[in-house]
Amino acid sequence: MPQTVVYAARRILTLNPSRPEASHVAVRDGRVLGTGTLDELRAWGPFDLDERFAGKVLLPGFVEGHSHVGEGTYWRYVYCGFFDRTDPDGRVWPGAKSIEQVAQRMREAHERLADPLAPLFGWGLDPLYFGTRRMTRHDLDAVSTTRPMGIVHASGHITNANTPALAQAGYLRTDLDHPGIPTGPDRLPEGELRGPEAMMPVLLKLGVDRAAMSGDEVGVRAFARLAVRTGTTTATDLATPIPDEAIDSLLRITAADDFPMRLVPAMHVRGHSAEQAIERALAIRERSTDRLRLGRVKAHADGSIQGFTARMRWPGYHNGAPQGLWYVEPEYLERVYALALQHGVQMHTHTNGDAAIDLAIDCLERALRRHPAPDHRFMLQHCQLADRAQLRRMRALGMGANFFANHHYYWGDAHYALTVGPDRAERMNPCRSAQEIGVPYTIHSDAPVTPLGPLHVVWCAVNRLTPSGRLLGAHERIGVEDALRAVTLGAAWTLHLDGEIGSIETGKRADFAVLEDDPLEVAPERIKDVGVWGTVHGGRVFPAEGA
Ligand SMILES: [Zn+2]
């Protein structure tokens with residue numbers, strides 16, 4: 001006889017509309033057997049009553065539809081972000097508030113390193129907060145003129161390097177003519193490298209090997225600890241080279257009894273022909289397990305809005321910054337879409353600027369004409385500047401949107417004043433419009449771009465407040481219940497997993513977020529502060545304390 005455990009809770013919010021609330025949930029074989037009152041659940045036969053959650057509120061485990069395992073792997077490097085940030089062990093690192101403080105943070109790490117030539121890498125740099133002054137190679141040369149050093153920006157789309165790092169990558173030349181490598185009056189690179197192609201040679205010299213990191217055990221486990229701390233039970237690694245060695249490693253790591261979550265990597269197309277990409281996605285999909293779901297594919301259309309590398313329609317950037325970058329050839333995108341549709345592979349496309357959104361919609365429209373495919377659920381990731389006409393086209397084509405709601409808080413003031421200006425800043429991440437038009441959507445953190453934390457993402461979509469307290473786009477706010485649905489069922493839909501996870505109902509995986517308070521009862525502006533006790537994943541209990 002399989003063992004049944006019945007959990008009692010202060011309140012269980014199931015997100016199952018036919019039984020939205022319960023006091024108890026019965027779990028057997030890692031799945032939900034039933035919800036209701038204790039009396040209703042007795043009919044399932046003998047059970048153990050577990051009352052440890054009697055004072056807690058249970059929700060479906062949160063699903064992060066756009067994150068990166070870098071949220072775990074980056075903590076071995078120097079944190080250089082503007083905002084205070086909690087590491088996987090619960091320690092809070094203070095933000096660096098100026099270029100000088102960033103350099104000081106790097107200097108401290110530099111002085112601790114015994115080997116004078118070992119590379120040093122930092123992450124989270126956010127120059128938008130440092131006024132008009134950009135960091136140059138000379139700022140980092142002030143720390144060391146011999147040690148190769150670099151710092152990737154919070155967006156992940158730009159890296160700053162010092163002179164030794166540029167020299168090792170072969171960039172210390174006066175004949176560079178590359179849109180991603182701005183040069184100074186001396187015609188040498190100033191130190192900022194924009195876009196993956198420009199960044200990659202320097203990252204490799206700095207020892208940041210993303211292919212190796214996609215299966216790195218220390219990093220993946222750190223990521224999982226952050227997931228438990230934030231109530232997350234399923235999360236994507238939404239752009240990974242995921243070589244075969246990484247898959248072997250991930251299969252082993254996720255199979256461990258104490259591994260607390262489900263990982264959903266999306267393989268990046270970079271370095272593959274369209275044919276190779278789809279062929280490989282199909283091959284690795286076969287290796288999926290419950291806790292490791294393989295076979296999704298990611299492409300990038302453009303860069304980031306705050307780094308001015310997103311591709312914009314007329315009239316471009318509000319402050320007159322030059323047009324952003326294309327990360328993909330339109331012909332390639334259309335070809336990979338057509339093949340993906342033909343073979344039933346799901347595509348996630350990074351689109352920040354409205355021109356990038358147009359490109360993806362146009363490519364999919366043409367590809368669908370050649371290969372009609374029901375329920376493809378092609379996703380536009382970030383999709384920040386979609387207008388209502390674009391949302392209507394997305395609806396017609398069967399696309400979904402994953403909005404970057406955290407932007408209102410992390411960069412909202414800059415979007416209003418600098419990057420896109422008031423009109424477009426107020427329509428960014430249009431959750432309400434998507435809901436009204438009928439585009440399935442979720443909201444995300446893009447961790448490590450912003451910290452993993454679905455309740456913070458919910459808070460952002462509900463309140464749309466910037467750090468200075470500006471309400472950015474009242475019309476696009478959504479209700480708390482809608483936002484909670486977005487980070488559970490909504491995200492599950494974007495991964496074709498809504499039949500398995502995203503709500504607490506009979507037959508679904510017993511994945512719960514265990515909260516200290518009721519997000520439907522606290523004031524909406526306090527949702528981000530609701531405590532997370534931990535998670536239940538597949539019926540296994542994981543407290544955040546000691547995670
Ligand atoms: Zn991302």
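**A buried helix, its core and a metal site**

Guide: Helix 12 is mostly covered, with twelve of its 17 residues buried. Buried means under 20% relative accessible area, exposed over 50%, and partly exposed in between (1.4 Å probe, protein chains only). Helices (H or I, at least four residues) and strands (E, at least two) are DSSP runs, numbered from the N terminus. This is a predicted model, in which local features need pLDDT of at least 70 and side-chain atom pairs count only at pLDDT 80 or more, while totals for chains, interfaces and linings use all residues. Residues are numbered from 1 along each chain as its sequence is written, and side-chain values use heavy atoms, with hydrogens and water left out.

Visitor: Against which elements do the buried residues of helix 12 pack?

Guide: Contact means heavy atoms within 4.5 Å. The buried residues of helix 12, among them Ile357, Leu364 and Leu368, pack against helix 11 (330–343), strand 17 (347–351), strand 18 (379–382), helix 13 (388–397) and helix 15 (421–427).

Visitor: Which residues of the largest nonpolar core touch the most other members?

Guide: In soluble globular proteins, nonpolar side chains tend to be buried together. A nonpolar core is a set of buried Ala, Val, Leu, Ile, Met, Phe, Trp, Tyr and Cys residues joined through side-chain atoms within 4.5 Å. Here the largest core has 112 residues, and Leu193, Leu263, Val336, Tyr337, Met394, Phe403 and Ile443 touch the most other members. Helix 12 (residues 354–370) supplies the largest share of this core, nine residues. Apart from it lies another core, of 36 residues, including Phe130 and Trp411.

Visitor: Which residues coordinate the zinc ion?

Guide: Donors are N, O and S atoms within 2.8 Å of the metal (3.2 Å for Na, K and Ca); water is not among the atoms, so sites may look incomplete. In this model, His66 (NE2), His68 (NE2) and Asp446 (OD) coordinate the zinc ion at 2.1 to 2.2 Å. Along the chain, the donors follow the spacing H-x1-H-x377-D. His66 lies in the loop between strand 6 (62–64) and helix 2 (70–73), and Asp446 in the loop between strand 20 (441–443) and helix 17 (454–463), so the pair ties together parts that are 380 residues apart in sequence.

Visitor: Are His66 and Asp446 buried or exposed?

Guide: His66 is buried, with a relative accessible area of 1%. Asp446 also counts as buried, at 6% relative accessibility.

Visitor: How many cavities of 30 Å³ or more does the structure hold?

Guide: Rolling a probe the size of a water molecule over the atoms shows where empty space is left. On a 1 Å grid over the protein atoms alone, a cavity is a set of points where a 1.4 Å probe fits but cannot get out, and a pocket is an open set with protein on both sides within 12 Å along at least five of seven lines; lining residues have an atom within 4 Å of a point. Grid points are joined across faces, edges and corners, and a volume is the space filled by probe spheres set on the points. The structure holds three cavities of 30 Å³ or more, and the largest cavity has a volume of about 110 Å³.

Visitor: Which residues lie nearest the centre of the largest pocket?

Guide: The largest pocket holds about 800 Å³ of space. Its lining has 40 residues, of which His68, Tyr74, Arg210, Ala239 and Arg270 lie nearest its centre. Helix 6 gives the most to this lining, with four residues.
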